[in-house]
Amino acid sequence: MKTIRLHPGKERSLLRRHPWVFASSIAKGSADSGETVRVESHEGQFLAWAAFSPSSQIRLRVWSFDVAQRIDADFFAATLHAAIERRRALGLDLTACRLVHGESDGLPGCIIDRYADIVVLQAGSAGIERWKATLVGALRTLLPEVRLYERSDASVREREGLSPSAGWLHGEGSTQVEISENGLRLMVDVATGHKTGFYLDQRDARVRFAELVRSHGVQRVLNCFSYTGGFTLAALAGGAQQVVSVDSSAPALALAAQHVALNGFDPARTTFVDADVNATLRRLRNEGVQFDAIVLDPPKFASTPQQVERAAPAYKDINRLAFHLLPPGGWLFTFSCSGGVSGDLFQKIVSGAALDAGADAQIIARTGAGLDHPLTLHFPEGDYLKGLLLRRS
Ligand code: SAH
């Protein structure tokens, strides 16, 4: 077993059970891509067992802080089992569910999502790549009834020095399956969909939005960055009469339109706009159009704290434009899924946007990802998705 020794004082974050060590903290030692190493303080005290990522700034990702823990097939089987059982115990619907949420489930860099009978694995770190066959074996034992598909094509792989990899790991056939969310039918294509196919992390927000539309009799909804229409369906289910969905992906919008029909809603209640959101918001403002509720769920504008400077004005711009389209009493459900943008900062940005638009608003709720995206106390980076439900005064 190779040993990695840290610079003096650099053991502090591991002692607080944070699972990452940056390259600059390492004094001595090296290993192969994904190899398990023993991590020691400068004084030689055991700190953790970790996976080595030679080409990433996040050089070490911790498997265990327990000196007695062996990192082997049993460890991965037990960790996977625990992740699935935690969700079962919370009463989550395991057929449309994130089963493993990386660091927060003790498997740094590992995403596992389930859609109906397909389980999708995304290996985003050298350590997970190295143990991939073991994880697949464990998944097949724990969930013998499912097919397994790999979507290790996220850009984070590049930073880990890994090339993209996608395709069937077990089973075959159509990559499109139907899932159910809040009583709504949705098609997910695990081969062509974004991320692993669908944005499971917004489930609770979509449920809340449907309730809001219903309880307040919201009629006109603008769903920006609609993807395959998750919030569109929620608005229709809540009784909205006019729902405009904007996205720059034509295939996503085509599927959104199919979803409207699949769920038996009248297509006349919907409009799909294949365009840039920013440009569309400007056009609608210039035309003087108003909506009773607007959803802004943009893609990640900043994945690292260094990119925040560029992301902040982009968030501000769309939120400012949205305020222009809301009458007093109108609702804005606005999100950031940028890990580098904290909840505090996001609120500041949206506050600045409201000021610029000459609007005031109250925070009715703060939302985050659902319980299948757990947050651990020691890993604040896991809290990437922030939502503000606002009502314009
Ligand atoms: N709200 C969705 C998820 C949104 S993901 C849900 O609940 O499922 C972000 C979406 O923004 C993607 O579908 C992507 O195609 C779209 N997108 C990214 N940049 C865009 C832009 N500039 N204008 C319009 N859509 C954009």
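Q: Which backbone oxygen lies 2.7 Å from a polar atom of the side chain of Thr-270?
A: The backbone oxygen of Pro-267. A polar contact here is a pair of N or O atoms within 3.5 Å; within protein, one must be able to donate a hydrogen and the other to accept it, and residues adjacent in sequence count only if both atoms are side-chain atoms. Please note that the model is predicted, so local features need pLDDT of at least 70 and side-chain atom pairs count only at pLDDT 80 or more, while totals for chains, interfaces and linings use all residues. Residues are numbered from 1 along each chain as its sequence is written, and side-chain values use heavy atoms, with hydrogens and water left out.

Q: Where is Thr-270 found?
A: Thr-270 is in strand S16, which covers residues 270-274. Helices (H or I, at least four residues) and strands (E, at least two) are DSSP runs, numbered from the N terminus.

Q: Is Thr-270 buried or exposed?
A: Thr-270 counts as buried because its relative accessibility is 13%. Buried means under 20% relative accessible area, exposed over 50%, and partly exposed in between (1.4 Å probe, protein chains only).

Q: And what does Thr-270 touch, not counting residues up to four places away in sequence?
A: Thr-270 touches Leu-236, Val-243 and Val-260. Contact means heavy atoms within 4.5 Å.

Q: Turning to the ligand, which residues around it come nearest?
A: Of the 15 residues around the ligand, those are Arg-206, Asp-247, Asp-276, Val-277 and Asp-297. A residue is near a molecule or strand if one of its heavy atoms lies within 4 Å of it.

Q: How does that shell divide, and what are the numbers of nonpolar, polar and charged residues?
A: The shell around the ligand has 7 nonpolar, 4 polar and 4 charged residues. Ala, Val, Leu, Ile, Met, Phe, Trp, Tyr, Cys and Pro count as nonpolar, Asp, Glu, Lys and Arg as charged, and the others, Gly among them, as polar.

Q: What lies 2.6 Å from an N or O atom in the side chain of Asp-247?
A: An oxygen atom of the ligand is at that distance from the Asp-247 side chain. The side chain of Asp-276 has an N or O atom 2.7 Å from a nitrogen atom of the ligand. For Phe-225, a backbone N or O atom lies 3.2 Å from a ligand nitrogen.

Q: How much of the ligand's accessible area does the protein cover?
A: The protein covers 88% of the 580 Å² that the ligand has on its own. Accessible areas come from the Shrake-Rupley method with a 1.4 Å probe; for residues, only the protein chains shown count as cover.

Q: Next topic: how many disulfides does the structure hold?
A: The structure holds 0 disulfides, a disulfide being a pair of cysteine sulfur atoms within 2.5 Å. For Cys-224, the nearest cysteine sulfur is that of Cys-337, 15 Å away.

Q: Are Cys-224 and Cys-337 buried or exposed?
A: Cys-224 counts as buried because its relative accessibility is 1%. Cys-337 counts as buried at 17%.

Q: Which residue other than glycine has phi near 55 degrees?
A: Asn-182 has that positive value. Asn-182 lies in the loop between strand S12 (176-181) and strand S13 (184-189), and at 45% relative accessibility it counts as partly exposed.

Q: What is the phi of Tyr-227?
A: Tyr-227 has a positive phi of about 50 degrees although it is not a glycine. Tyr-227 is in the loop between strand S14 (220-224) and helix H7 (230-238), and it is buried, with a relative accessible area of 9%.

Q: Where is the place of Pro-328?
A: Pro-328 is in the loop between helix H10 (308-324) and strand S18 (331-336). At 62% relative accessibility, Pro-328 counts as exposed. Leaving aside its neighbours within four places in sequence, Pro-328 is in contact with Arg-392 and Ser-393.

Q: What about Pro-374: buried or exposed?
A: Pro-374 counts as buried, at 18% relative accessibility. Its place is in the loop between strand S19 (361-367) and strand S20 (386-392). Apart from neighbours within four places in sequence, Pro-374 is in contact with Arg-87, His-101, Ser-104 and Asp-105.
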